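Hi,

Here's the structure I promised to pass on.

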Amino acid sequence: MPTKDNSQALLEAERTRVEPPRLYKVLLLNDDFTPMDFVVHVLQRFFSMDPERATQIMLKVHNEGRGLCGVYPRDIAATKVEQVSAFAQQHQHPLACVMEEN
């Protein structure tokens with residue numbers, strides 16, 4: 001059986017290398033109507049934050065206009081955005097949740 005030379009084996013190894021998935025930031029955006037305690041609740045429920053961390057992020061959203069909730073692969077980030085948006089709408093709050101490429 002013929003053997004492959006080293007350069008051929010190297011090319012095949014490079015060809016099969018898989019790129020890591022692109023990551024996306026999930027952000028909450030400030031508005032003048034959503035109560036702060038609701039934002040904290042969202043951060044705890046959908047991003048598994050403890051009360052202290054959720055409060056820190058909520059204050060960042062309030063003071064700086066936006067706050068980072070987490071960084072995820074695209075499908076997970078999109079699901080988080082949909083869940084938070086639906087939950088906010090269900091509770092009649094205009095809280096905006098968006099994703100952007102990291």
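Some ground rules first. This is a predicted model, so to speak plainly about the limits: local features need pLDDT of at least 70 and side-chain atom pairs count only at pLDDT 80 or more, while totals for chains, interfaces and linings use all residues. Residues are numbered from 1 along each chain as its sequence is written, and side-chain values use heavy atoms, with hydrogens and water left out.

Start with helix α2, residues 36-47. Helices (H or I, at least four residues) and strands (E, at least two) are DSSP runs, numbered from the N terminus.

Within α2, the buried residues are F38, V39, V40, V42, L43, F46 and F47. (Buried is under 20% relative accessible area, exposed over 50%, partly exposed in between, with a 1.4 Å probe and protein chains only.) Their cover includes β1 (23-29), α3 (51-64), β2 (66-73) and α4 (74-90).

Now the rings. Phe, Tyr and Trp rings (the six-membered one for Trp) pair if their centres lie within 6.5 Å; planes under 30 degrees apart are stacked, over 60 edge-to-face, and the rest tilted. That gives three aromatic pairs. F38 and F87 count as stacked because their ring centres are 5.5 Å apart and their planes at 10°. This pair links α2 to α4, across 49 residues, and both F38 and F87 are buried. The F47 and Y72 pair is tilted, at 6.4 Å centre to centre and 35° between planes. F47 sits in α2 and Y72 in strand β2, so that pair ties together parts 25 residues apart in sequence. There's also one aromatic cluster, made of F38, F46 and F87.

F47 is worth a click: its relative accessible area is 9%, against 16% for Y72. Leaving aside neighbours within four places in sequence, F47 is in contact (heavy atoms within 4.5 Å) with V26, V42, C69, Y72, K80 and V84.

Last, the core. A nonpolar core is a set of buried Ala, Val, Leu, Ile, Met, Phe, Trp, Tyr and Cys residues joined through side-chain atoms within 4.5 Å. The largest one has 24 residues, and F47 is among those with the most contacts inside it. β1, α2, α3, β2 and α4 each supply at least two residues, with α2 giving the most, seven.

Cheers

Conventions
Expected span 1.5 Å × (residues − 1).
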